[in-house]
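Subject: The model you asked about

Hi,

Here is the structure I promised to pass on.

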Amino acid sequence: MKITQDNKDALIKKAAKDIVDSRKTIALTGAGISVESGIPDFRSAGGLWSKYDPEEYAHISAFQSNPEKIWHMLKEMMELVLGAEPNPAHSALAELEQMGLLSSVITQNVDGLHQRAGSREVIEFHGSNQWLVCLECGYRQEAASLSFEVIPPRCPRCSSILKPDVVFFGEPIPWEVQTRSFEEAGTCALVLVVGTSAVVYPAAGIPPLAKQNGAKVVEINTEPTALTGFISDYLIQGSAGTILPKIVEEVRRHVS
Ligand code: NAD
Ligand code: ZN
């Protein structure tokens, strides 16, 4: 179907009504929601990931075998993330939660922008860039306290190289994070899938799991994804920073 402004507006109204009527709504977010905050997703031309192949740089075996090399990418990514601000898409989800209409945000992002926008129930599926951990002795340190002058940073207790507390490819998702996420997915009536290509498992299993349990799946993305026309009930095609605030504006009309 050709996207016209009219049918996009109709879908925005439909999504608002679906949220208001839903017994329980969750959101699954991906890198796309932070693109308008200046953090590139895997696809953005000229971004971080066009310089550093994620397969090569974001795999735990690469970190283990050559942490100095990986830390050059991490330094650039952390400086970008620590300097970024939440955008209207993050704020819209925080507002939905404050209105009592969003149970949780499950995010694949490691940038902490949902929390900074005011969301409280945030499940960080792939960990967070806000912390550094020592894999040898368990020491933890806030990333903001790092000067980045000397990389790779070392543990002040045991001198091992510190690692951001993010889940690299090849690392397991923490057990309690998976349990909570799948519990939310299995008990919701609606899932908003925002800015994710939904190809990285096990996070990509969340929309199908929700669907199997009878939930509606609504996608907000600039492009169709692997879920579109298959798992998702409908896609609202456009940028999250434009679409989500419009949905919330419509929701306000219903509840006020
Ligand atoms: P992805 O790069 O595979 O897909 C991003 C999706 O967002 C695409 O479908 C794209 O069409 C869409 N998109 C781009 N700009 C958008 C916008 N303005 N509004 C709405 N949609 C938009 O990202 P993914 O699915 O999250 O998977 C990549 C993995 O990389 C994740 O596991 C994540 O942990 C990691 N990652 C995180 C960050 C971050 O923390 N901000 C950034 C890059 C990658
Ligand atoms: Zn240590």
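This is a predicted model: local features need pLDDT of at least 70, side-chain atom pairs count only at pLDDT 80 or more; totals for chains, interfaces and linings use all residues.

**The zinc site**

So what shape does the site of the zinc ion (ligand 2) have? The angles among its four donor atoms run from 99 to 119°, so by that cut-off the site is tetrahedral. For reference, the ideal angle for four tetrahedral donors is 109.5 degrees.

The donors that the protein supplies are the SG atoms of Cys-134, Cys-137, Cys-155 and Cys-158, lying 2.3 Å from the zinc ion. If you want to find them in the sequence, look for the spacing C-x2-C-x17-C-x2-C.

Cys-155 has 3%, so it counts as buried.

**The loop between E5 and E6**

That loop has a couple of other things in it. Pro-152 lies there, and a cis peptide bond joins it to Ile-151, with omega at about 0°. Ser-159 is in the loop between E5 and E6 too, and its phi is positive, near 70°, although the residue is not a glycine. With 46% relative accessibility, Ser-159 counts as partly exposed.

In case you wonder why I flag these: most residues other than glycine have a negative phi, and most peptide bonds are trans.

**The loop between E7 and H9**

The loop runs between strand E7 (190-194) and helix H9 (206-212), and Pro-202 lies in it. The cis bond is the one joining Tyr-201 and Pro-202, where omega is about 5°. Ala-198 is also placed in the loop between E7 and H9. Its phi is about 55°, a positive value in a residue that is not a glycine. Ala-198 counts as buried, because its relative accessibility is 6% and the limit for buried is under 20%.

**Ligand 1**

Now for the other ligand. How many residues surround ligand 1? There are 27 of them, and the closest are Arg-43, Gln-108, Thr-196, Ser-197 and Asn-221. By type, the shell around ligand 1 divides into nine nonpolar, 13 polar and five charged residues.

Some polar contacts to oxygen atoms of ligand 1:

- Gln-108 has a backbone N or O atom 2.4 Å from an oxygen of ligand 1.
- Val-110 brings a polar backbone atom to 2.8 Å from a ligand 1 oxygen.
- Thr-222 uses its side chain, with a polar atom 3.3 Å from an oxygen of ligand 1.

Taken alone, ligand 1 would expose 860 Å², and the protein buries 93% of that.

**Asn-87 and its contacts**

With a relative accessible area of 5%, Asn-87 is buried. What does its side chain reach? A polar atom of the Asn-87 side chain is 2.8 Å from the backbone oxygen of Ile-33. On the other hand, the backbone nitrogen of Ala-89 lies 2.7 Å from a polar atom of that side chain.

Ile-39 is in the loop between strand E1 (25-29) and helix H2 (48-51), and it is buried at a relative accessible area of 11%. Val-81 is 42 residues away from Ile-39 along the chain, yet their C-alpha atoms are separated by 6.8 Å.

Lys-24 is in the loop between helix H1 (5-21) and E1. Between Lys-24 and Ser-104 the C-alpha distance is 9.5 Å, with the two residues 80 apart in sequence.

Cheers

Key: Residues are numbered from 1 along each chain as its sequence is written. Chains are lettered from A and ligands numbered from 1 in the order in which they are written. Side-chain values use heavy atoms; hydrogens and water are left out. Donors are N, O and S atoms within 2.8 Å of the metal (3.2 Å for Na, K and Ca); water is not among the atoms, so sites may look incomplete. Four donors count as tetrahedral if all angles lie between 85 and 135 degrees; four count as square planar and six as octahedral if opposite donors are over 155 degrees apart and all others between 65 and 115; anything else is irregular. Buried means under 20% relative accessible area, exposed over 50%, partly exposed in between (1.4 Å probe, protein chains only). A residue is near a molecule or strand if one of its heavy atoms lies within 4 Å of it. A polar contact is a pair of N or O atoms within 3.5 Å; within protein, one must be able to donate a hydrogen and the other to accept it, and residues adjacent in sequence count only if both atoms are side-chain atoms. Accessible areas come from the Shrake-Rupley method with a 1.4 Å probe; for residues, only the protein chains shown count as cover. Ala, Val, Leu, Ile, Met, Phe, Trp, Tyr, Cys and Pro count as nonpolar, Asp, Glu, Lys and Arg as charged, and the others, Gly among them, as polar. Helices (H or I, at least four residues) and strands (E, at least two) are DSSP runs, numbered from the N terminus.
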